[in-house]
Every structure is written in structure tokens, then in C-alpha cells.
2 protein chains.
Amino acid sequence: MDDLETRELRYFVAVAEELHFGRAATRLGIAQPPLSRAITQLERRLGVRLLDRDRRGAELTDAGRVLLREARTALDAVAAAARRTRRAGDPERPLVLVTKAGASHELLRALLDVLADPVEVLLCEVGEQAHRLRDGQADVALMHRPFDDLAGFDTADLHTESQVAIVPAAHPLAASESLTMAEVSHVPDLPIARWPRLDGTYPDGPGPEVRTQSQLAQLVALGRTLLVIPASSRAWQWPEHVAVPVVDAPDVTTLLAWPPGAPVESLVRSAAKLSF
Amino acid sequence: MDDLETRELRYFVAVAEELHFGRAATRLGIAQPPLSRAITQLERRLGVRLLDRDRRGAELTDAGRVLLREARTALDAVAAAARRTRRAGDPERPLVLVTKAGASHELLRALLDVLADPVEVLLCEVGEQAHRLRDGQADVALMHRPFDDLAGFDTADLHTESQVAIVPAAHPLAASESLTMAEVSHVPDLPIARWPRLDGTYPDGPGPEVRTQSQLAQLVALGRTLLVIPASSRAWQWPEHVAVPVVDAPDVTTLLAWPPGAPVESLVRSAAKLSF
DNA sequence: AAGCTCTGATACCTACCGGGTATTAGGCTT
DNA sequence: AAGCCTAATACCCGGTAGGTATCAGAGCTT
């Protein structure tokens, strides 16, 4: 049972994503025939049919869907190995900390002030931090429980806070002193926005589809949606926004997360001294 | 930045484990010169020195240690991709459940009785379950919190129980009705056994080094060590052993763990019906 | 100190295979 | 039926992984 090569996995992922040998080959920078041959050979080595070739392109089999998911995580792990090794060889390496754009400003500022060593800050979109950690683009992330997927990471809690609803200033709800989750959950004219899943598709529902924080901020200002977020997220305090405490929303904990083995001991020790 | 190939990672892991190019080459089934060349090329591609070659063999650099750890997880992920894809293509595939040898007999029996679909049971040594899940040899594991490393897995609790101390029948402690952690922790003539870490080395301490459950059972029977384990672990009830409740030991939860995406919904649903 | 031995590195060759172009085969549209 | 789009096949070429032979240097041995 000879092992797979990452080249084969990259090729398969390209085909599985494009569902078209020609386009996949173009994306990979090779010609179509070698790609067809590589996939056929991969299927023979695994003893499994991965794609049903149709008159118009191709379609994934059940086994193909499994391999697509597994191949992506495997390729992430290989890329992480290369990135982390390169960085380990650089004596000047700064740690890379990844955080959602626009979240936890004060805490991040305070954290950077406390640290002796230089830290590079990488900003990403909501839900992307885990991926950056897994593929080695970052060493440590600022994440939020219970929102983010913390599976596979070591963590250190920094700060716990309650949540507020951000509603359009012009909306009747904006006049309330406080709200409950029940009041906030089913406001017909302010449906909750829908975020893409890991595979890029959107869940069903009445709310608008959003992909970035700035889209969402815009939609709130336009009176199209509302959201419930930690009280300290000042990025949301536009003039058109009003923050109303939600008394029964679960507390949110801001924390540091890192893959087991990351060289973050001194950072975590410094962070633990922060008082919030 | 061209990606690494798994062949290069396999080669590096072999050299890093053997710390000797000749032996590593033999293990890989190739000659020494191509291996030397492959490692040199890997170092050039990463721009990092991985090994310090000495008069007698080789030694890992800091970057080399990073790559060894990362490469092992990456190779596990690749192997898992192949195994899971092969199994996904087999319509007859039974789920593979892995568990520590000798743990949770009754619960496992009850679980298998409840399941409609066939399940293959794989036994492994203590602490090995996570590895079997990660490299695709198993689909789901019986594990124990807070003992096992659950990072990266979804879980479903099955059963919570208290712990007992297993002591040699001939030892004075065996006469006690109950014990506390303080009484059990520092018994000079019964030092706690030491398990190997993930890298195979042992922590310091006075206790005996053990690698398997049967070694440990033997050592207890010989009056050389004691241990604290869940009350139901009947594998330990030899005539030479006495179980004494430890009143303040943390409760242990037996649970199912599986990598996100594993096809275990129906198994977990069946398991949830078990009453323990 | 000379030589032996063990290490990894170098030189050079071969053969496999990954990738290219040209073409075929089949299904749908028109 | 002609034309097109798809993926598969046929065939060739070149890079490179792997082989053998050899080198180079650092301990030992004597």
C-alpha cells in the first residue's frame, strides 16, 4: 500500500472543485491528458471510483466526497509543516497572531503592549482563524467561545463579557433599555444574517447572505438585519447603530488558541497578566 | 513555493528517527546516496538546516524538531485520507471502533448489542486511540475524560463514574475502606508508574516505566506500584489486586470520540439510548 | 603517526514516469 | 448528419529519483 503523494491530492482537489478536467488542468498549469491519467491512476491505487464522468464534466461519488474533505485537511497539514519549519529556522521570527478584523480592539492593543517580543498581527474574516492556524499561516489566534471552532487547539481564556444586540438606530427596538434572546430572535423585519458554511454554501433562511464584517455592518446601518455580539466590539459603533444589552445571551469568552506544540508559552504567560 | 511531497516527509521522518542516513535508507528500502541528496534538497527548498551532520550520525536542529512533529501529523492526515476513501468506496464497510485493551468491558458489550450495523472492534494500548483516529485506522473511539487527549474530535458522553485505587493485596493501604488523593499520591514504596510521552521518552520520577497495561498489572501484583482508575475497569481485578474507593478523585467520563465528518450518526444515536 | 572504519557527500549513469502534443471516442446540440 | 464539447488514448521527450562506485573527513586502534 504505497502512500499517496501530495501532488495527487492537489490534482484531485482541483478536479473535485472544478468538476471539469480541462478547467482543473488549466488551474494547475498542466495539460488535460496528464491530469486524466493521474486521476485514473489515483482511482486504481485506492481501488475506488472517485468521479462519475458524464457527458458534461464530472460528478463526485461518495468516496470522492470523502477524499475531498480528507485531502484538504491533509494538504493543510503539509503546508503547515513547510511554513512552520521555515519559520523555525528564522531566529528573528516574530509570532503571527491572527484575529477577526474589527474584534477586541482594546484587548489586542493591551496584549501587544504587554508583550516583550515582536508579534505580527494578521487580520482575517470571521471563522477563518482556525484555518490559518491549521495551515501554518499563524501561530496563535484570538478567538471567541462559544462562536469559534476550537477543536484541536490548546486555549487560554483572556476575558469574559456579556453580549449586546446591534440594531439600526431607526428601528423601534433601539429604544429598549434591554432585550432578551426571545425578543431578538424572530423580528420579522430584521432577520438574522446567514454566514457561509465551511464548504462555501449558505444555510436556508430569510436573512441576507453575508461574507465579511463590513458587509454586515452596512446591512445593519441600512436597517436590514440585526446581530448579537460581545459588548466590547467597538467596530460596530457606527452612528447608525445602537447597542442594546441582551440580558439572557450566553457570555462570550475571548481566548488565545494555538496548535499543540506552538512556541507560545511566553506570550500566554504575558497575556495571563492582563486584567480585564 | 512548491509544495512538499509526502515522499520527502517520509524520508525526513526516517532520518530524524534513526539519526543515521544509512539505517534510515535501509528502512526505506533505498540506497544511502539518494537519501542524502533528498534531504539536502529538502533543506534547500525549505531554506533551513534540518540536521547537523556529525562524525557519528546526525542530530536534529530546532527546525528539524519542528518538521519532525509537523511531518508526522501531515503523514497521518495523508494516510487517513487514503484509508477513509478506500473504506468509503466499500459498501459493506463496517465501522471500526477502537478502545483501550481491557477497559469498559460491560459498556462495550452493551454498546455492541444495541447496534444494528456490524462494528469492527480494534484494541490498542493506552493513549493510542487518538492516533488511530487521526491516521484513519478507526472511525470512532471509546475514550476517557479527563485522561485522553480529545483535541480535534467530536464527542458524546456515555457514562460517568468515580475512581478506585488498585493496590497490591499485601500492602497496608489495601485494608482501608476508602482513600484520598493525598494519601495515594505520595506513597514512598508505591510510586506512580510513568507512561511514555508522545515522542517515546519518559518523564522523570521514581516510578517504574511502563508501556502496556499488562506490564502495569504485573507491577501492581508484584507490589511495585499503585494506580487510580475508573471503578468499572474489571481487567484489573486480579487476586493480587485490591480496589479501594478514592473519595476525592475526579470523576471519569467514558465517551465516544470521532473526527468531525465521520459517518457515526446512527452509532451515536444508538449509544445515547444506553442507560448506565 | 599511519591506517582502519565509520560516517555522509559527490559523481555519474540509467530508467521510470510525469508532462507535452496529437488524436480518438462518445454524447449532446443544432 | 455535422459540429461541438467532453474525457480518454497513443506516443514521445526530458527531468529526476534511484542505483553503483567513489571520495572525504573524523575518530579509533595499533
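The paragraphs below go through these parts in turn.

This is a predicted model: local features need pLDDT of at least 70, side-chain atom pairs count only at pLDDT 80 or more, and totals for chains, interfaces and linings use all residues. Residues are numbered from 1 along each chain as its sequence is written, while chains are lettered from A and ligands numbered from 1 in the order in which they are written.

Start with the two chains. The contact takes 36 residues from chain A and 36 residues from chain B. Two residues are in contact if their C-beta atoms, placed from the backbone, lie within 7 Å. On the side of chain B that touches chain A, α1 (6–18) and α4 (62–88) of chain B each give two or more residues. Helices (H or I, at least four residues) and strands (E, at least two) are DSSP runs, numbered from the N terminus. α4(B) gives the most, with 19 residues. By class, this side of chain B has 19 nonpolar, seven polar and ten charged residues. Here Ala, Val, Leu, Ile, Met, Phe, Trp, Tyr, Cys and Pro count as nonpolar, Asp, Glu, Lys and Arg as charged, and the others, Gly among them, as polar.

Now turn to the DNA. Around DNA strand D there are 18 residues, of which A:Pro33, A:Ser36, B:Ile30, B:Ala31 and B:Arg55 come nearest. A residue is near a strand if its C-beta atom, placed from the backbone, lies within 6 Å of it. α3(A) provides the largest share of this surface, five residues. The surface near DNA strand D divides into eight nonpolar, six polar and four charged residues.

DNA strand C also has 18 residues around it; A:Ile30, A:Ala31, A:Pro33, B:Pro33 and B:Ser36 come nearest. Its largest share, five residues, comes from α3(B). The surface near DNA strand C has eight nonpolar, six polar and four charged residues.

How do α2(A) and α3(A) cross? Their axes come within 9 Å and cross at roughly 105°. Axes are lines fitted to C-alpha atoms, for helices over the stretch in contact, and angles run from 0 to 180 degrees between N-to-C directions. A:Phe21, A:Gly22, A:Ala24, A:Ala25 and A:Leu28 in α2(A) meet A:Gln32, A:Leu35 and A:Ser36 in α3(A). This contact holds five nonpolar, three polar and no charged residues.

Next comes a sheet in chain B. It is open, has five strands in the order β4-β3-β5-β10-β6 and shows mixed pairing. Two strands pair if DSSP finds at least two bridges between them. The edge strands, β4 (119–124) and β6 (154–161) of chain B, each pair on one side only. β6(B) runs antiparallel to β10 (residues 252–258) of chain B, joined by seven bridges. In this chain, B:His159 stands opposite B:Thr254 in β10(B). Helix α9 (residues 265–272) of chain B packs on the sheet and touches β3, β5, β6 and β10 of chain B. Its direction makes about 20° with that of β6(B).

Another pairing in chain B joins β7 (residues 163–168) and β9(B), antiparallel over five bridges. Here B:Ile166 stands opposite B:Ala243 in β9(B).
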